[in-house]
Amino acid sequence: MAAQRTILVVEDERTIADAVAARLRAEGFLVHCAGDGPSAVEAARRIRPDAVVLDVMLPGFDGLEVCRRLQAERPVPVLMLTARDDETDLLVGLAVGADDYLTKPFSMRELTARVHALLRRMTKASAGEPPIVLGDLEINRAERRVTRNGVEAHLTPTEFDLLVHLAGRPRTVLPRERLLADVWGWADASGTRTVDSHIKGLRRKLGADLIRTVHGVGYALEVGR
(Lines give C-alpha, C1' and ligand atoms only; values in the text may rest on other atoms or scores of the structure.)
Protein backbone atom coordinates (compact mmCIF):
# COMPACT_ATOMS: atom_id res chain seq x y z
CA MET A 1 0.00 0.00 0.00
CA ALA A 2 1.30 3.46 -0.91
CA ALA A 3 2.32 5.73 1.94
CA GLN A 4 -0.28 8.27 2.98
CA ARG A 5 0.46 11.72 1.58
CA THR A 6 0.86 14.61 4.02
CA ILE A 7 -0.56 18.08 3.31
CA LEU A 8 0.23 21.19 5.34
CA VAL A 9 -2.65 23.70 5.34
CA VAL A 10 -1.58 27.24 6.29
CA GLU A 11 -4.59 29.47 6.88
CA ASP A 12 -5.35 31.90 9.70
CA GLU A 13 -9.14 31.88 9.21
CA ARG A 14 -10.14 28.92 11.33
CA THR A 15 -13.38 28.14 9.50
CA ILE A 16 -11.58 27.98 6.15
CA ALA A 17 -8.70 25.96 7.58
CA ASP A 18 -11.08 23.45 9.16
CA ALA A 19 -13.13 23.09 5.97
CA VAL A 20 -10.05 22.58 3.79
CA ALA A 21 -8.52 20.11 6.24
CA ALA A 22 -11.75 18.13 6.49
CA ARG A 23 -12.08 17.84 2.72
CA LEU A 24 -8.46 16.79 2.26
CA ARG A 25 -8.77 14.19 5.02
CA ALA A 26 -11.87 12.87 3.26
CA GLU A 27 -9.66 12.48 0.16
CA GLY A 28 -7.31 10.27 2.18
CA PHE A 29 -4.58 12.75 3.05
CA LEU A 30 -2.88 13.22 6.40
CA VAL A 31 -3.38 16.91 7.17
CA HIS A 32 -1.58 19.32 9.50
CA CYS A 33 -2.61 22.94 9.99
CA ALA A 34 -0.75 26.13 10.85
CA GLY A 35 -2.23 29.58 11.41
CA ASP A 36 0.70 31.97 10.96
CA GLY A 37 3.98 32.35 9.09
CA PRO A 38 6.46 31.22 11.76
CA SER A 39 4.46 28.14 12.78
CA ALA A 40 4.05 27.19 9.11
CA VAL A 41 7.81 27.19 8.53
CA GLU A 42 8.39 25.21 11.74
CA ALA A 43 5.69 22.69 10.84
CA ALA A 44 7.12 22.19 7.35
CA ARG A 45 10.56 21.47 8.81
CA ARG A 46 9.09 19.00 11.27
CA ILE A 47 6.61 17.05 9.12
CA ARG A 48 8.17 17.49 5.64
CA PRO A 49 4.83 17.65 3.81
CA ASP A 50 4.26 16.34 0.31
CA ALA A 51 2.40 19.56 -0.59
CA VAL A 52 1.38 22.85 1.04
CA VAL A 53 -1.89 24.77 0.74
CA LEU A 54 -0.82 28.29 1.66
CA ASP A 55 -2.82 31.48 2.24
CA VAL A 56 -1.12 34.74 1.24
CA MET A 57 -2.38 36.87 4.14
CA LEU A 58 -1.00 35.54 7.42
CA PRO A 59 0.05 36.94 10.81
CA GLY A 60 3.72 36.82 11.75
CA PHE A 61 4.91 37.04 8.16
CA ASP A 62 2.91 36.51 5.02
CA GLY A 63 2.53 33.50 2.77
CA LEU A 64 4.99 34.89 0.23
CA GLU A 65 7.74 34.84 2.85
CA VAL A 66 6.65 31.37 3.99
CA CYS A 67 6.88 30.11 0.41
CA ARG A 68 10.27 31.72 -0.10
CA ARG A 69 11.67 30.05 3.04
CA LEU A 70 10.17 26.65 2.27
CA GLN A 71 11.54 26.56 -1.27
CA ALA A 72 14.97 27.69 -0.09
CA GLU A 73 15.17 24.77 2.34
CA ARG A 74 13.44 21.95 0.47
CA PRO A 75 11.42 22.32 -2.75
CA VAL A 76 7.81 21.34 -2.13
CA PRO A 77 4.67 21.82 -4.25
CA VAL A 78 2.74 24.89 -3.05
CA LEU A 79 -0.85 25.82 -3.88
CA MET A 80 -1.28 29.51 -3.00
CA LEU A 81 -4.62 30.91 -1.84
CA THR A 82 -5.25 34.58 -2.60
CA ALA A 83 -8.07 36.80 -1.35
CA ARG A 84 -8.39 38.65 -4.63
CA ASP A 85 -7.47 38.20 -8.26
CA ASP A 86 -4.65 40.74 -8.09
CA GLU A 87 -2.11 40.11 -10.85
CA THR A 88 0.80 41.55 -8.88
CA ASP A 89 0.14 39.29 -5.88
CA LEU A 90 -0.20 36.26 -8.13
CA LEU A 91 3.00 36.97 -10.06
CA VAL A 92 4.96 37.59 -6.86
CA GLY A 93 3.64 34.34 -5.39
CA LEU A 94 4.69 32.39 -8.46
CA ALA A 95 8.06 34.13 -8.49
CA VAL A 96 8.88 32.99 -4.94
CA GLY A 97 8.10 29.37 -5.72
CA ALA A 98 4.35 28.76 -5.65
CA ASP A 99 3.32 26.14 -8.21
CA ASP A 100 -0.34 27.01 -8.56
CA TYR A 101 -2.93 29.37 -7.12
CA LEU A 102 -6.63 29.66 -6.31
CA THR A 103 -8.55 32.87 -5.74
CA LYS A 104 -11.02 33.02 -2.85
CA PRO A 105 -13.82 32.08 -2.78
CA PHE A 106 -13.04 28.69 -4.29
CA SER A 107 -14.80 25.35 -4.43
CA MET A 108 -13.44 22.45 -2.40
CA ARG A 109 -13.74 20.30 -5.49
CA GLU A 110 -11.41 22.64 -7.37
CA LEU A 111 -8.95 22.77 -4.47
CA THR A 112 -8.70 18.99 -4.17
CA ALA A 113 -8.33 18.66 -7.94
CA ARG A 114 -5.41 21.10 -7.88
CA VAL A 115 -3.74 19.28 -4.97
CA HIS A 116 -4.08 15.93 -6.73
CA ALA A 117 -2.63 17.44 -9.91
CA LEU A 118 0.40 18.79 -8.01
CA LEU A 119 1.07 15.41 -6.46
CA ARG A 120 0.61 13.52 -9.73
CA ARG A 121 3.33 15.60 -11.32
CA MET A 122 5.67 14.82 -8.42
CA THR A 123 5.08 11.07 -8.62
CA LYS A 124 5.49 10.52 -12.35
CA ALA A 125 7.77 7.55 -12.86
CA SER A 126 11.32 8.74 -13.43
CA ALA A 127 13.49 6.05 -11.84
CA GLY A 128 15.76 4.46 -14.41
CA GLU A 129 15.25 7.21 -16.98
CA PRO A 130 18.56 8.49 -18.33
CA PRO A 131 19.54 12.13 -17.80
CA ILE A 132 18.65 14.63 -20.48
CA VAL A 133 21.78 16.34 -21.78
CA LEU A 134 21.38 19.31 -24.11
CA GLY A 135 24.59 21.25 -24.59
CA ASP A 136 25.66 22.53 -21.17
CA LEU A 137 22.29 21.66 -19.61
CA GLU A 138 21.85 18.37 -17.76
CA ILE A 139 18.53 17.22 -16.27
CA ASN A 140 18.62 14.24 -13.92
CA ARG A 141 15.01 13.08 -13.86
CA ALA A 142 15.52 10.32 -11.30
CA GLU A 143 17.03 12.72 -8.74
CA ARG A 144 15.12 15.80 -9.97
CA ARG A 145 18.35 17.78 -10.26
CA VAL A 146 19.38 20.30 -12.92
CA THR A 147 22.81 21.69 -13.71
CA ARG A 148 24.03 24.15 -16.31
CA ASN A 149 27.75 24.59 -16.92
CA GLY A 150 28.22 22.24 -13.96
CA VAL A 151 26.38 24.55 -11.56
CA GLU A 152 23.27 23.15 -9.90
CA ALA A 153 20.09 25.21 -10.06
CA HIS A 154 17.51 24.81 -7.32
CA LEU A 155 14.17 24.60 -9.12
CA THR A 156 10.71 24.35 -7.67
CA PRO A 157 8.82 21.13 -8.51
CA THR A 158 6.81 22.81 -11.25
CA GLU A 159 9.81 24.63 -12.71
CA PHE A 160 11.51 21.24 -12.99
CA ASP A 161 8.51 19.63 -14.69
CA LEU A 162 8.15 22.55 -17.10
CA LEU A 163 11.84 22.35 -18.01
CA VAL A 164 11.64 18.59 -18.62
CA HIS A 165 8.65 19.11 -20.88
CA LEU A 166 10.40 21.80 -22.92
CA ALA A 167 13.55 19.65 -23.08
CA GLY A 168 11.54 16.81 -24.57
CA ARG A 169 11.21 18.86 -27.77
CA PRO A 170 14.14 21.29 -27.91
CA ARG A 171 13.86 24.22 -30.33
CA THR A 172 10.17 23.41 -30.86
CA VAL A 173 7.77 26.22 -29.96
CA LEU A 174 5.19 24.91 -27.49
CA PRO A 175 2.06 27.03 -27.05
CA ARG A 176 1.17 28.25 -23.56
CA GLU A 177 -2.15 26.41 -23.75
CA ARG A 178 -0.39 23.13 -24.47
CA LEU A 179 2.05 23.67 -21.61
CA LEU A 180 -0.86 24.34 -19.25
CA ALA A 181 -2.55 21.12 -20.35
CA ASP A 182 0.55 18.92 -20.31
CA VAL A 183 2.40 20.27 -17.25
CA TRP A 184 -0.37 21.64 -15.04
CA GLY A 185 -3.21 19.44 -16.26
CA TRP A 186 -5.45 22.45 -16.91
CA ALA A 187 -8.14 22.00 -19.55
CA ASP A 188 -8.54 25.73 -20.25
CA ALA A 189 -6.19 28.61 -21.03
CA SER A 190 -7.03 30.77 -18.01
CA GLY A 191 -3.61 30.37 -16.41
CA THR A 192 -1.22 31.72 -19.02
CA ARG A 193 0.26 34.08 -16.40
CA THR A 194 1.30 30.97 -14.50
CA VAL A 195 3.32 29.71 -17.47
CA ASP A 196 4.94 33.10 -18.03
CA SER A 197 5.97 33.40 -14.38
CA HIS A 198 7.56 29.96 -14.30
CA ILE A 199 9.44 30.70 -17.51
CA LYS A 200 10.82 33.83 -15.83
CA GLY A 201 11.91 31.67 -12.91
CA LEU A 202 13.77 29.27 -15.20
CA ARG A 203 15.51 32.13 -16.98
CA ARG A 204 16.51 33.71 -13.68
CA LYS A 205 18.00 30.47 -12.39
CA LEU A 206 19.46 28.99 -15.58
CA GLY A 207 20.16 31.96 -17.84
CA ALA A 208 18.11 34.37 -19.92
CA ASP A 209 19.27 32.69 -23.16
CA LEU A 210 17.80 29.31 -22.21
CA ILE A 211 14.24 29.80 -23.47
CA ARG A 212 13.07 31.71 -26.52
CA THR A 213 9.75 33.56 -26.49
CA VAL A 214 7.58 33.51 -29.60
CA HIS A 215 5.18 36.36 -28.88
CA GLY A 216 1.55 35.40 -29.03
CA VAL A 217 2.41 31.70 -29.29
CA GLY A 218 4.64 30.19 -26.62
CA TYR A 219 8.17 29.12 -25.73
CA ALA A 220 11.02 26.97 -27.01
CA LEU A 221 14.11 25.59 -25.28
CA GLU A 222 17.15 26.83 -27.16
CA VAL A 223 20.07 24.80 -25.79
CA GLY A 224 21.92 22.73 -28.36
CA ARG A 225 22.40 19.00 -28.35
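Modeller: Happy to. One definition before we start: Ala, Val, Leu, Ile, Met, Phe, Trp, Tyr, Cys and Pro count as nonpolar, Asp, Glu, Lys and Arg as charged, and the others, Gly among them, as polar. Also keep in mind that this is a predicted model.

Biologist: Got it. What volume does the largest pocket have?

Modeller: The largest pocket comes out at about 450 Å³. It is lined by 21 residues, and those closest to its centre are Arg 74, Pro 75, Met 122, Arg 144 and Pro 157.

Biologist: How does the lining of the largest pocket divide by class?

Modeller: There are eleven nonpolar, three polar and seven charged residues in that lining.

Biologist: And which helices and strands each supply at least two residues of the lining?

Modeller: Helix 5 (108–122), strand 8 (145–148), strand 9 (151–153) and helix 6 (157–167) each do.

Biologist: You mentioned Arg 144. Where is Arg 144 found?

Modeller: Arg 144 sits in the loop between strand 7 (137–140) and strand 8. Its backbone is worth a look too: Arg 144 has a positive phi of about 55°, although it is not a glycine. Most residues other than glycine have a negative phi.

Biologist: Nice. Which peptide bond is cis?

Modeller: The one from Lys 104 to Pro 105, with omega near -5°. Pro 105 lies in the loop that runs between strand 5 (100–103) and helix 5. For context, most peptide bonds are trans.

Biologist: Let's switch to helices. At what angle do helix 6 and helix 7 pack?

Modeller: Helix 6 packs against helix 7 (residues 176–184) at about 120°, and their axes are 10 Å apart. Because of that angle, helix 6 is oblique to helix 7. The crossing is right-handed.

Biologist: Which residues make the contact?

Modeller: From helix 6 you have Thr 158, Asp 161, Leu 162, His 165 and Leu 166, and from helix 7 Leu 179, Asp 182, Val 183 and Trp 184. By class, that contact has five nonpolar, two polar and two charged residues.

Biologist: Back to helix 5. How do the axes of helix 1 and helix 5 cross?

Modeller: The axes of helix 1 (residues 14–26) and helix 5 cross at roughly 60° and come within 10 Å. Helix 1 and helix 5 are therefore oblique to each other, and their crossing is right-handed.

Biologist: What meets what there?

Modeller: Ala 19, Val 20, Arg 23 and Leu 24 of helix 1 meet Met 108, Arg 109, Leu 111, Thr 112 and Val 115 of helix 5. That contact has six nonpolar, one polar and two charged residues.

Biologist: Last pair: what about helix 2 and helix 3?

Modeller: Helix 2 (residues 37–47) and helix 3 (residues 63–73) pack at about 20°, with axes 10 Å apart. Angles under 35 degrees count as roughly parallel, so helix 2 is roughly parallel to helix 3. Helix 2 passes helix 3 in a right-handed crossing.

Biologist: And the residues in that contact?

Modeller: Helix 2 brings Gly 37, Ala 40, Val 41, Ala 44 and Arg 45, while helix 3 brings Val 66, Arg 69, Leu 70 and Glu 73. They divide into five nonpolar, one polar and three charged.

Technical notes. Residues are numbered from 1 along each chain as its sequence is written. This is a predicted model: local features need pLDDT of at least 70, side-chain atom pairs count only at pLDDT 80 or more; totals for chains, interfaces and linings use all residues. Side-chain values use heavy atoms; hydrogens and water are left out. On a 1 Å grid over the protein atoms alone, a cavity is a set of points where a 1.4 Å probe fits but cannot get out, and a pocket is an open set with protein on both sides within 12 Å along at least five of seven lines; lining residues have an atom within 4 Å of a point. Grid points are joined across faces, edges and corners, and a volume is the space filled by probe spheres set on the points. Helices (H or I, at least four residues) and strands (E, at least two) are DSSP runs, numbered from the N terminus. Axes are lines fitted to C-alpha atoms, for helices over the stretch in contact, and angles run from 0 to 180 degrees between N-to-C directions. Angles under 35 degrees count as roughly parallel, over 145 as roughly antiparallel, 65 to 115 as roughly perpendicular and the rest as oblique. A crossing is left-handed if the near helix is turned anticlockwise from the far one by less than a right angle, and right-handed if clockwise. Contact means heavy atoms within 4.5 Å.
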